[in-house]
Amino acid sequence: MADVRRSAAVSPYPSPGHLGHTTAAPNGWSIPSIAPPAPTAPLGEGLNAWDIARQQFDLAADRLGLGADERAVLRNCKREFTVHFPVQLDDGSVRSFTGYRVQHNLARGPGKGGIRYHPQADLDEVRALAMWMTWKCAVVNIPFGGAKGGVAVDPRELSPTELEKLTRRYTLEIEPLIGPHSDIPAPDVNTDPQVMAWMMDTYSMHKGYTATAVVTGKPVSIGGSEGRIEATGRGCVFTIQQAAKRLGLDLAGSTVAVQGFGNVGATAARLLHDLGCRIVAVSDAEGGIADIRGFDPHRLLRHREETGSVVGFGDTTPITSSDPLTFECDILVPAALENQLTAAVAERVQAKIVAEAANGPTTPEADAILHDRGVFVIPDILCNAGGVTVSYFEWVQDLQHFFWDEAEINRQLHRIMVRSFDQVYRMAQEHDVDLRQGAQMLAISRVAEATRLRGLYP
Ligand code: NAD
């Protein structure tokens, strides 16, 4: 299998100065620019994402004592759709692109999962991400199955018009699978609310009516949800509060290091600061900054918006992009890329809590080391599930044509994150496993139960 690269951890919600400029569209709207994909590199310790996803599944399935029949269903993706499609470029030439939409499991509801635009998007990566979406939706107990999509493209090479054409044609190609009641895409790496708006419009044009619920992560003005932009960082902070409570750690005065000051990392840093934490180290792809006295992430955000990076902020000490991972702190928030916490890094982690805001930041080897060292790891499928939870709220609001205010969104998000944390924690304690295994076991048992109850057709 091909190596899965570090994906560009690019927010679906770019802000000026962070992801770069916005481009004025001919119709006067502003089109958020797409940030460059991250450099590619093999995954740490030689596994690709699909290998890792299946390895994690096997471990949890063993502990749950799942039978061979159930494993055969859950270990594979239900539908794997590959499409090749032409797009006419601005210079009149035609280029063919390859895209994917994979539905891992639909036993608990319609497929849910983002669309990734990345030069190295491939079937294995999309399969892994689809499987993780199944477990993530099941952990927070929202009625979705897992899906994911991708197009092998470097969006930096496309003009806004070409990006729109590609998005519309890809939407048409995967139309047999997607729909408000069958499979609901969302933004992922290098896709954003504007891309979701084009997808929604294309689908709606073909149906002949407006179907806002076909995608989530849309702009609020066309059926998006209040609070969606901050949802992942906010949910992550809710889980940190629960972990701190279990450890008897007072968040007021606790120190925090954040790798990746994008949508999720910056939101988490701001909310933790507001809870009284001291933010002592932060990095992005350009480098990092540290100050053991702590600094104000709200001001840092303004600096990033002005300069495009956290580097050079105030009276801080320069550090590298990876230094926050091993910085002296109570809470570490990896909020950048996959496979940052390798075995070698894990040996040097000083934090008491690692809150996996990013997807897959920890390799399986590093996981075992952190567990042995007594580090409290909040696993990604729990820690960053706030995003898909508010996507669920968006879908519900779209279907009901009735919209909630942000206070209601945040209250419901808090309820779901706290409940899910408690359930994962209890599962881990009952089976004497770490929280990742606890989360996987909880999720897999829910999906297995749905599969059993529905039975086989025909
Ligand atoms: P983002 O692009 O807004 O932020 C990513 C940040 O990571 C940027 O500041 C970037 O400069 C930085 N970065 C990139 N490479 C780095 C490196 N080598 N070292 C340090 N920093 C680096 O993306 P985001 O939406 O905040 O997503 C971050 C992570 O959270 C990703 O793993 C994503 O899959 C995951 N996630 C995001 C959401 C969401 O709703 N946005 C939901 C679930 C999971």
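This is a predicted model: local features need pLDDT of at least 70, side-chain atom pairs count only at pLDDT 80 or more; totals for chains, interfaces and linings use all residues.
Student: Which side chain does R168 meet in a salt bridge?

Tutor: Side chains of opposite charge can pair when their charged atoms come close. Here R168 meets D201, with 2.9 Å from N to O. The two belong to distant parts of the chain, 33 residues apart: R168 is in helix α4 and D201 in helix α5. D201 is partly exposed as well, its relative accessible area being 28%.

Student: How many salt bridges does the structure hold, and which residue pairs with E80?

Tutor: There are 27 salt bridges. E80 pairs with R127, and their closest N and O atoms are 2.7 Å apart. Because E80 lies in strand β3 and R127 in helix α3, this pair ties together parts 47 residues apart in sequence. E80 is partly exposed at 36%, whereas R127 is buried at 18%.

Student: Which residues are linked in a network of salt bridges?

Tutor: The network links R116, E125, K148, D188 and E338. K148 also belongs to the lining of the second largest cavity.

Student: What else lines the second largest cavity, and which helix gives the most to that lining?

Tutor: The lining also includes L129, W132, M133, K136 and N359. Helix α3 gives the most, with 4 residues. By class, the lining has 3 nonpolar, 1 polar and 2 charged residues, and the cavity holds about 40 Å³ of space.

Terms used: Residues are numbered from 1 along each chain as its sequence is written. Side-chain values use heavy atoms; hydrogens and water are left out. On a 1 Å grid over the protein atoms alone, a cavity is a set of points where a 1.4 Å probe fits but cannot get out, and a pocket is an open set with protein on both sides within 12 Å along at least five of seven lines; lining residues have an atom within 4 Å of a point. Grid points are joined across faces, edges and corners, and a volume is the space filled by probe spheres set on the points. Ala, Val, Leu, Ile, Met, Phe, Trp, Tyr, Cys and Pro count as nonpolar, Asp, Glu, Lys and Arg as charged, and the others, Gly among them, as polar. A salt bridge is a side-chain nitrogen of Lys or Arg within 4 Å of a carboxyl oxygen of Asp or Glu. Buried means under 20% relative accessible area, exposed over 50%, partly exposed in between (1.4 Å probe, protein chains only).
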